[in-house]
Amino acid sequence: MNPRVSDLYPTAFVTGASAGLGRAFSAMLLAEGVRVWGTARDPSRLASLAANPAFTAVGLDLADAAAAGSALDHAAVAAGGAFDLVVQNAGYGAFGEFTATDFAVWQAQLEAMLLTTARLSQTALRGMRAKDRGCLVHVASLAVEFPLPFMSGYNMAKAGLSALSESLIFETRGTGVTVIDFRPGDYRTAFNQAMQTTTAAPAADPRLARAWLALESNLEAAPLPVRAAADLRRALRRRRSGVVRSGSFFQARLAPLLARLAPASLVRATTARYFGL
Ligand SMILES: NC(=O)c1ccc[n+]([C@@H]2O[C@H](COP(=O)([O-])OP(=O)(O)OC[C@H]3O[C@@H](n4cnc5c(N)ncnc54)[C@H](OP(=O)(O)O)[C@@H]3O)[C@@H](O)[C@H]2O)c1
């Protein structure tokens, strides 16, 4: 019989728990008996989860690395020392042409989504290594394999996060700690509504307009976040490090398989067509 997730990981810290995938992950963990500390920049956005006594709302903004580190430290003390499971899920998109966008936008995104996240992972992993038990999950994206158009900062941040996961998978080999590089395809969340649009008038540039339309219609047709939560639950129960792709059959199974067999130039041309470029 499958173990309950709480038998393996009694406590969890989930970033970006107020919406979309993070909210679904938190709800799944609570249903599995896990005590969850979930974060949002504004903790009042966590009210529905906080109705469950096993959930603790935490204020955390990835834009402030030092404060985010303290938020994790305080939560870990309340959880009894170190979290058994940490799901690094918080993130956002920024959409714009690379050269037309102020570099500060890309820099802020890399600092928040890659550097602050890595810093939190270091703290979390230290605690897990000390007790030789735990699981660290980085929510990257299938954008690591199929970069999204006009989202260069996002693509860089997610590729960096996957590279960190791969490094940590090596470093934790043979220990009681596992690391999961969780790569969602499109999921129907408010991700595009929260997206920073960095180019003054994307509609004025037909390439940007077509790419935006493709991003919008892909998300509208995408599965709901409960599917990602079910995939995460399965991965946690397996107790193995590695890459987990999650999403529609086409995006998470077929496309990665075909991309491995086809020449890179063909994959690039097909992806460009998919996004109307
Ligand atoms: N939806 C997809 O199709 C998809 C595909 C691949 C990967 N992903 C990844 O999955 C993760 C969740 O995305 P989602 O689709 O669920 O998006 P979402 O519905 O917009 O939720 C994003 C979550 O991240 C938090 N967040 C955003 N910026 C933050 C910041 N600077 N500091 C702290 N927290 C921040 C938000 O919290 P507050 O705004 O309340 O602070 C919210 O809880 C992201 O890392 C995203 O890149 C999503």
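Is Phe150 buried or exposed, going by its relative accessible area? Phe150 is buried, with a relative accessible area of 15%, where buried means under 20% relative accessible area, exposed means over 50%, and partly exposed lies in between, using a 1.4 Å probe and protein chains only.

Before I go on, what we are looking at is a predicted model, in which local features need a pLDDT of at least 70 and side-chain atom pairs count only at pLDDT 80 or more, while totals for chains, interfaces and linings use all residues. Residues are numbered from 1 along each chain as its sequence is written, and side-chain values use heavy atoms, with hydrogens and water left out.

Let me stay with Phe150 for a moment, which sits in the loop between strand 6 and helix 6; helices (H or I, at least four residues) and strands (E, at least two) are DSSP runs, numbered from the N terminus. Phe150 has a positive phi of about 60°, although it is not a glycine. Asp132 also has a positive phi, of about 50°, and it is not a glycine either. Asp132 lies in the loop between helix 5 (103–131) and strand 6 (134–139), and with a relative accessible area of 43% it is partly exposed.

Now to the ligand. There are 30 residues around it, and those that come nearest are Ser18, Arg45, Asn89, Tyr154 and Thr189; a residue belongs to these surroundings if one of its heavy atoms lies within 4 Å of the ligand. By type, the shell divides into 17 nonpolar, eight polar and five charged residues, where Ala, Val, Leu, Ile, Met, Phe, Trp, Tyr, Cys and Pro count as nonpolar, Asp, Glu, Lys and Arg as charged, and the others, Gly among them, as polar. Helix 2 (20–31), helix 6 (152–171) and helix 7 (191–194) each supply at least two residues of that shell.

Which backbone atoms lie 2.8 Å from an oxygen atom of the ligand? A backbone N or O atom of Arg41 does, while for Gly16 a backbone N or O atom lies 3.1 Å from a ligand oxygen, and a polar backbone atom of Tyr187 is 2.7 Å from an oxygen atom of the ligand. The protein covers 94% of the 890 Å² of accessible area that the ligand has on its own, with areas taken from the Shrake-Rupley method and a 1.4 Å probe.

Let me turn to the aromatic residues, where rings of Phe, Tyr and Trp (its six-membered ring) pair if their centres lie within 6.5 Å, with planes under 30 degrees apart counting as stacked, over 60 as edge-to-face and the rest as tilted. By this rule the count comes to nine aromatic pairs. Phe98 and Trp106 have ring centres 6.0 Å apart and planes at 25°, so this pair is stacked. Phe98 is partly exposed, at 42% relative accessible area, whereas Trp106 is buried, at 0%.

Phe13, Trp37 and Phe83 form one aromatic cluster. Trp37 is found in strand 2 (residues 35–40) and is buried, with a relative accessible area of 5%. Leaving out residues up to four places away in sequence, Trp37 touches several residues, including Phe13, Val58 and Phe83, where contact means heavy atoms within 4.5 Å.

Lastly, Tyr92 lies in the loop between strand 4 (85–88) and strand 5 (94–95), and at 18% relative accessibility it counts as buried. The C-alpha atoms of Tyr92 and Gln196 are separated by 7.9 Å, although the two residues are 104 residues apart along the chain.

Key
A polar contact is a pair of N or O atoms within 3.5 Å; within protein, one must be able to donate a hydrogen and the other to accept it, and residues adjacent in sequence count only if both atoms are side-chain atoms.
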